[in-house]
Amino acid sequence: MSLESITNSIDESVSDFFEPVADAVSDVVFYTVPVGGTELPLIVAWLVIAGLIFTVGFGLVQVRKFKLAFDTVRGKYDEEGSVGEVNHFQALTAAVSGTVGLGNIAGVAVAVSIGGPGATFWMILCGLLGMATKFVEVTLGVKYRVEHEDGTVSGGPMHYLPRGLAERFGSGGAKLGKVLAVLASIMILFFGLFGGNLLQANQSYAQIASTVGGEDGFMASSAGAILFGLVVAALVGLVLLGGIRSIASVTSRLVPAMAGMYIVACLVVILANVTAVPDAIQTIFEGAFQADGVTGGVIGALIVGFQRAAFSNEAGLGSAPIAHSAVKTKHPASEGLVALLEPFIDTVVICTMTALTIIIADPASWADARAGESIGGVTITSDAFATVLPWFPHVLTVAVLLFAFSTILTWGYYGLKAWSYLFGKSRTSELTFKALWSLFVVAGSLLSLDSLISLADSALFLLSVFNIIGLYLLAPVVKRELDSFMDFVRSRKARAAVGGGDPEDEREAVKVV
């Protein structure tokens, strides 16, 4: 029996076993209600409403503190002796690498195919609202992070839910927080293995196999799949062994490079059709508020745009605080402000650039997709670039590989923190996880396991239900931390004005054995 036959058999067996479970769980997590001629997933409404509440509750923090966020990323408010492992910029790029991925290339194309150009407007709006949610959850992630004896730190919902709820509500909050922390860890680990690892490896392999030689080429064979998986697994394993410092070192170079390359390519297409830009922008605004030619009308465009943004930037899901918690800072809100740049980069900039490129280029495959044909999102985006740069699909393959690799790295770190919370932080435990993670990369080049990936999506978005409940309950803590950081900023500016030094900050991170 050939390896291909074996892998196909495994795929079918796993799907037959898990598909009913995946469908049942997905029906609950992504339950939809009819709105304006289309279906609204309640989980998307849950995420968007949270963004709206935090935007209002913190007085448009994503607008008022936008410049301060950039200043903080640049290190303007760094302090000597701060607890942590990486600087603000490295923490940001590590987190962005977990959200910027295939969804920015393929998912956006699907969104503007289903919801029309108007979906772009709502996608941008949802991204702006998500900035406030990201600010809240990351501030909590740093506030309640834990420093270990070896100097490393751990953060995320598995830490701020139990510690924060215990601090505010006593023993009852501690018990509830402990249950939520275990559930959060399980969901993060499950999604990491299948969505953040196996799916990324599978999709990036499929892209390179179709580009290099096609169906008859070596890369499309079982041997090619194994070779691809082993090479990627080796690279991932080497980086993971170095911990967050190693991951941040790679992502701080990789993320700006790959995002820059992709944005430049978008600009080339846009500038080559610069006369079409005003009409494209007009089409986006008209499509957002007019029902003509859009699936489900205005509401359909809104829902699809919100869904794409919510799924892309992960605001409210509790994943990003794990990476941001490793930052060197004495002020949790400083990294919260840095984190609000993440949805801006991921959704407002990169997703919007993809949408604008497709709308302006108007490839035939996009028209076919809007007419109801089943066409992959990567194909539509690739065709849009090919209208100006016929050779760009090969460069797009490189972008897909880089996006997938960075996502695997970051979710490897997320998964490790969830694994350590559940099974302990011993060297043996961590090496076991890293070996398992690398094996899943190889498996991803051979297996699709669609039902398990669907189940993983459900687990991740179910996490947002528990996470956002915690964010609501702990919002007053975030308000105090923001006030504290603003006092520090004002003091730093005042001292700088008279040529003095920096103010002292006596707060220390919690140390545990």
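**Exercises on helix packing and the nonpolar core**

In this predicted model, helix 9 (residues 222-241) and helix 18 (residues 392-423) pack with their axes 10 Å apart and at an angle of about 45°.

**Exercise 1.** Determine how helix 9 is oriented relative to helix 18, and describe their contact by residue class.

*Solution.* Angles under 35 degrees count as roughly parallel and those from 65 to 115 as roughly perpendicular; the angle here is about 45°, and helix 9 is therefore oblique to helix 18. The crossing in which helix 9 passes helix 18 is right-handed. On the side of helix 9 the contact is made by Phe 228, Val 232, Leu 235, Val 236, Val 239 and Leu 240, and on that of helix 18 by Leu 401, Phe 405, Ile 408, Leu 409, Gly 412 and Tyr 413. By class, these residues comprise 11 nonpolar, one polar and no charged.

**Exercise 2.** Carry out the analysis for helix 2 (residues 42-57) and helix 20 (residues 450-498).

*Solution.* The axes lie 10 Å apart at an angle of about 20°, and because angles under 35 degrees count as roughly parallel, helix 2 and helix 20 are roughly parallel to each other. Helix 2 passes helix 20 in a left-handed crossing. Among the contact residues are Trp 46 and Phe 54 of helix 2, and Phe 461, Ser 464 and Tyr 472 of helix 20. The class count is 14 nonpolar, one polar and no charged residues.

**Exercise 3.** Which residues have the most contacts inside the largest nonpolar core?

*Solution.* This core has 148 residues, and those with the most contacts inside it are Phe 135, Leu 140, Leu 337 and Tyr 414.

Methods. Residues numbered from 1 in each chain as written. Predicted model: local features only at pLDDT ≥ 70, side-chain atom pairs only at ≥ 80, totals over all residues. Heavy atoms only, no water. Axes fitted to C-alpha atoms, helices over the stretch in contact; angles between N-to-C directions. Helix = DSSP H or I, 4+ residues; strand = E, 2+ residues; numbered from the N terminus. Parallel < 35°, antiparallel > 145°, perpendicular 65-115°, else oblique. Left-handed = near helix turned anticlockwise from the far one by under 90°. Contact = heavy atoms within 4.5 Å. Nonpolar A, V, L, I, M, F, W, Y, C, P; charged D, E, K, R; others polar. Core = buried A, V, L, I, M, F, W, Y, C linked by side-chain atoms within 4.5 Å. Buried < 20%, exposed > 50% of the residue type's maximum accessible area, 1.4 Å probe, protein only.
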